[in-house]
Amino acid sequence: MANVAIIGSEKSGRTSLAGKLGKKGTDSDLTLFNFVKGDRVYSFTDAKTYPESPKSLIQAINMSDIALACVPSTGLTARTGECIVALDLLGGKKGMFVITMSDKSNLNAISELTGKIKTITKSTNLENWETVAVSTTTFEGLETLKEKLFALDEEVKTENASKDGMTPRVMVDHFFNVKGIGCVILGTVTQGTINIHDKLTLFPPRRETEIRSIQSNDVDVKTAGTGARVGLALKGVQAKEFDRGYMISQKEEISSKFNLECQLAKFTDGFAVGDAVHLFAGLQSEPAKIESITVDGKNVTQVKAGSVCNVVLYAQKDIAYNKDDRFLIVQLNYPKQRFVAGCEVRQ
Ligand SMILES: Nc1nc2c(ncn2[C@@H]2O[C@H](COP(=O)(O)OP(=O)(O)OP(=O)(O)O)[C@@H](O)[C@H]2O)c(=O)[nH]1
Ligand SMILES: [Mg+2]
């Protein structure tokens, strides 16, 4: 089972590719496409409201183990660059570049574009990502893409299996009331294993709940391990209490004040004390205000691209997180590159 984000600039062939890889399921600002064949189980997330909404890009990436970054055969755009920055700042993702619409291009041009992708990803977390050229009209390259995806999936399975023994955490992405069943949520088990009748807590609201039933790929199951995409019927809570990104677990840290160690993107206008930014953690996002910035223990008023600094900031609402979660600072007003910094919690 692997969760795969399909991302890229506008008109980069994302939805066409998703439609060839899976069958359309949940559809909101994100669209999910499912594929189930034996033990090959994939859930593809199309961040369809990106680039208009950077949120959908981050959410699709954070819901996934693997990202497919689509680049149309016509070439790289500023938004391709932005997708690369987001993936680099979030770190630790597996993935591939997919040169889409290969039928509209030729071998030379595709090989030149592959070289350009190699150049711009040099010394980022994506420098070893492979590039595959595909066409969803002639089907060229689709089998190669699937084979490479299977190989990445094997790595994901091993990594996820090693997390099955941890305390369970479910990251919620959709929630609704179902007549006769009650509150149902869709989400991903990000660590540990969940079982029917587990008593857990919904964070940040700190509401106790019990797992009434678990579905995985529309089949009732009694248990689900790390990486599984699940539907849960829950006791004791109502859909209206939820927000995207809420966590169901035994324990979360909850705060609206953060001390973060930040690595700024190489291409960004940075930020200054007093700036209004957006703070992303998992699928949660909140407006936040930069209270102070320190570099090597000294207070500064602003930081520029490429810097490392410590930032104290206040979010408008509580965020549920674990100390190992990666945060992202985003500046929605920047016209070109909106992802400013990848951060780790220091306090
Ligand atoms: N010739 C050709 N056309 C393609 C291919 N893939 C997609 N297209 C066309 O390119 C256009 C954009 O494709 P989409 O799949 O909608 O791309 P997208 O990134 O989801 O686009 P938006 O969500 O609108 O930003 C559509 O008109 C598709 O029919 C392909 O492999 N070959
Ligand atoms: Mg689309």
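Start by selecting Asn 108, Glu 112 and Thr 119: these exposed residues sit on the face of helix 4 turned away from its buried side. Exposed here is over 50% relative accessible area, buried is under 20%, and partly exposed is in between, with a 1.4 Å probe and protein chains only. Helices (H or I, at least four residues) and strands (E, at least two) are DSSP runs, numbered from the N terminus.

Some housekeeping: this is a predicted model, where local features need pLDDT of at least 70 and side-chain atom pairs count only at pLDDT 80 or more, while totals for chains, interfaces and linings use all residues. Residues are numbered from 1 along each chain as its sequence is written, chains are lettered from A and ligands numbered from 1 in the order in which they are written, and side-chain values use heavy atoms, with hydrogens and water left out.

**Helix 4, the other side**

Now pick Ile 110, Leu 113, Ile 117 and Thr 121, the buried residues of this helix 4 stop. Look down the axis of helix 4: its buried residues fall within an arc of 65°, so they line one face. The arc is that of the directions from the helix axis to the C-beta atoms. As background, an α-helix has 3.6 residues a turn, so residues three or four places apart point the same way.

What do the buried residues of helix 4 pack against? Show strand 5 (66–72), helix 3 (78–90), strand 6 (94–100) and strand 7 (130–133). Contact means heavy atoms within 4.5 Å.

At the start of helix 4, zoom in on Asn 106, where a side-chain oxygen reaches to within 3.1 Å of the backbone nitrogen of Asn 108. A polar contact is a pair of N or O atoms within 3.5 Å; within protein, one must be able to donate a hydrogen and the other to accept it, and residues adjacent in sequence count only if both atoms are side-chain atoms.

Step on to Ser 123, in the loop between helix 4 and strand 7. Ser 123 has a positive phi of about 55° although it is not a glycine, and at 54% relative accessibility it counts as exposed. Then jump to Asp 296, in the loop between strand 20 (284–295) and strand 21 (298–300). Its phi is positive as well, about 50°, and Asp 296 is not a glycine either. With 75% relative accessibility, Asp 296 counts as exposed.

**Two cis peptide bonds**

Select Tyr 50 and Pro 51, which are joined by a cis peptide bond with omega about 10°. Pro 51 belongs to the loop between strand 4 (40–46) and helix 2. Next, the bond from Phe 203 to Pro 204 is cis, with omega near 0°; Pro 204 is in the loop between strand 11 (199–203) and strand 12 (207–216). For context, most residues other than glycine have a negative phi, and most peptide bonds are trans.

**Into the core**

Which residues have the most contacts inside the largest nonpolar core? Highlight Ile 7, Leu 57, Phe 97, Leu 328 and Phe 339, out of 39 core residues. A nonpolar core is a set of buried Ala, Val, Leu, Ile, Met, Phe, Trp, Tyr and Cys residues joined through side-chain atoms within 4.5 Å. Elements giving two or more residues to this core include strand 1 (2–8), helix 2 (54–62), helix 4 and strand 24 (326–330). Helix 3 provides the largest share, seven residues. A second, separate core has 25 residues, among them Ile 290, Val 303, Tyr 321 and Ala 341.

**Ligand 1**

Finish at ligand 1, which has 14 residues around it; Lys 11, Arg 14, Thr 15, Ser 16 and Asp 103 come nearest. A residue counts as near if one of its heavy atoms lies within 4 Å. Ser 12 puts a backbone N or O atom 2.9 Å from an oxygen atom of ligand 1, and a backbone N or O atom of Gly 13 lies 2.9 Å from an oxygen atom of the ligand. On Thr 137, look for a polar side-chain atom 3.3 Å from a nitrogen atom of ligand 1.
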